[in-house]
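Student: I am new to this protein and would like to go through its structure. Could we begin with how the parts are arranged?

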Amino acid sequence: MVKICCIGAGYVGGPTMAVIALKCPKIAVTVVDISAPRINGWNSDHLPIYEPGLEAVVKECRGRNLFFSTEVEKHVAEADIVFVSVNTPTKTHGLGAGKAADLTYWESSARMIADVSKSDKIVVEKSTVPVRTAEAIERILTHNRKKINFTILSNPEFLAEGTAIKDLFSPDRVLIGGRETPEGQKAIETLKDIYANWVPKEKIICTNLWSAELSKLAANAFLAQRISSVNAMSALCEATGADISEVSHSIGTDSRIGPKFLNASVGFGGSCFQKDIMNLVYICECNGLHVVANYWKQVIKVNDYQKSRFVNRVVASMFNTVAAKKIAVLGFSFKKDTGDTREAPAIDVCKGLLGDKARLSIYDPQVTEDQIIKDLSMKKFDKEQPAHLQPPSPTSIKQVAVVWDAYTAVKDAHGVCIMTEWDEFKKLDYQKIYDNMQKPAFLFDGRNVMDVGKLRKIGFIVYSIGKPLDPWLKDMPAVA
């Protein structure tokens with residue numbers, strides 16, 4: 001029986017291995033992690049991450065051919081194929097701080113694999129890594145191999161949180177990169193055969209190592225660029241009276257452009273986009289491609305501009321101060337159908353409002369109070385570190401209340417900020433909300449999910465990104 005071991009039980013490792021176990025019942029899959037609480041979560045009825053469809057997959061396979069364990073070295077030693085899905089946070093100090101990927105955990109994983117292995121192995125990069133990381137890992141393994149052969153493959157993930165299981169069941173493509181040697185090509189075929197259990201072979205793309213590594217960074221950079229492009233247009237729409245929804249629909253009907261990722265919002269978030277773009281910037285700078293590096297930096301700058309523009313719009317609309325005013329924040333995760341808050345726009349918006357002394361009442365159906373308080377008290381890159389290396393956070397913040405009901409969050413509020421496009425927010429009784437708010441009642445739609453016309457008929461003063469401005473707001477321009 002082929003044995004797979006995955007190092008790292010996070011958002012990528014857990015779901016990916018669960019689906020491989022489901023689709024390949026003759027393969028034994030073990031996910032290992034040094035975090036006992038995380039592994040205990042995977043072995044419980046309350047999984048450590050929320051992802052639609054994940055629980056059913058795990059419950060079907062767990063104990064049959066899917067296992068979760070803290071015995072890292074034991075299962076790595078026994079495996080034929082080792083996937084490495086460890087964290088690659090942005091460096092917080094030293095050379096490349098704020099841009100380069102920190103490969104500390106990848107390197108320690110590679111050294112451990114070399115130390116404990118007693119048989120030949122295929123080692124698969126699943127984490128997002130800089131181009132030519134495989135070469136460095138290969139050197140570590142070969143210099144410590146004790147007559148054992150290691151073959152390195154790159155198999156980047158292209159999952160979207162909230163649809164990860166759907167993406168794994170029916171991927172746009174599976175990318176496998178390997179050395180152009182007989183050993184490398186044999187390893188590619190071995191991994192290709194595993195995916196071919198459910199993925200059509202024409203969707204399995206095989207490349208060299210470096211193309212596979214760069215393709216992941218490039219894909220995220222292109223997606224983020226698209227979001228920043230439409231968000232830049234949203235600012236121009238507000239200034240001119242155009243409607244970003246109409247503009248997006250118009251350009252999206254062009255078959256060369258297409259309609260996806262053209263929804264204007266308060267900005268992109270998630271664990272990958274900003275990190276991968278800054279990584280790309282650093283690689284460009286290291287190769288002397290400064291014009292290219294500056295081009296990609298602008299994608300991040302527009303994203304930051306969009307968030308600060310939103311905060312300025314809130315403050316300017318409410319008589320240029322939110323001090324001591326209650327602001328309800330609906331949604332805190334970076335997108336719907338996930339509890340992940342990494343780089344969520346809500347964090348920067350909330351910090352901006354807290355900086356102006358607002359009182360925040362926050363509700364998200366999937367994010368815990370502890371997580372929200374931690375996010376609002378932590379420095380930018382600290383959250384990317386493993387939990388045991390993160391600085392301690394306070395148990396509460398004086399100006400912040402986290403509640404478990406949208407109607408509680410908005411009661412007696414001066415304004416409402418919709419920060420995540422959860423479906424339930426569209427179904428709320430906004431007449432009831434308006435009746436229980438301070439007047440004038442403001443609603444700031446950071447996701448363009450609300451019916452602006454209906455809200456204005458109720459009596460709300462509404463700001464929706466990229467939409468023609470409410471007459472009230474035209475007299476109070478937000479300059480960012």
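Tutor: The domain bounds used here come from an automatic or database domain assignment. On that basis, the protein is divided into domain 1 (3-199) and domain 2 (221-473). This is a predicted model, in which local features need pLDDT of at least 70, side-chain atom pairs count only at pLDDT 80 or more, and totals for chains, interfaces and linings use all residues. Residues are numbered from 1 along each chain as its sequence is written, and side-chain values use heavy atoms, with hydrogens and water left out.

Student: What separates the centres of domain 1 and domain 2?

Tutor: The two centres, taken over C-alpha atoms, are 32 Å apart. The contact (heavy atoms within 4.5 Å) takes 24 residues from domain 1 and 25 residues from domain 2.

Student: And what area is buried between domain 1 and domain 2?

Tutor: Buried area is the accessible area (1.4 Å probe) that two parts lose on being put together, summed over both. Here the value is about 2000 Å², with carbon and sulfur atoms giving 51%.

Student: Which three residues of domain 1 supply more of its buried area than any other three?

Tutor: They are Tyr-50, Lys-99 and Glu-161, which supply 32% of the area that domain 1 buries against domain 2.

Student: Which residue forms a salt bridge with Glu-161?

Tutor: The partner is Arg-342, and the closest N and O atoms are 3.6 Å apart. A salt bridge is a side-chain nitrogen of Lys or Arg within 4 Å of a carboxyl oxygen of Asp or Glu. The count between domain 1 and domain 2 is 1 salt bridge.
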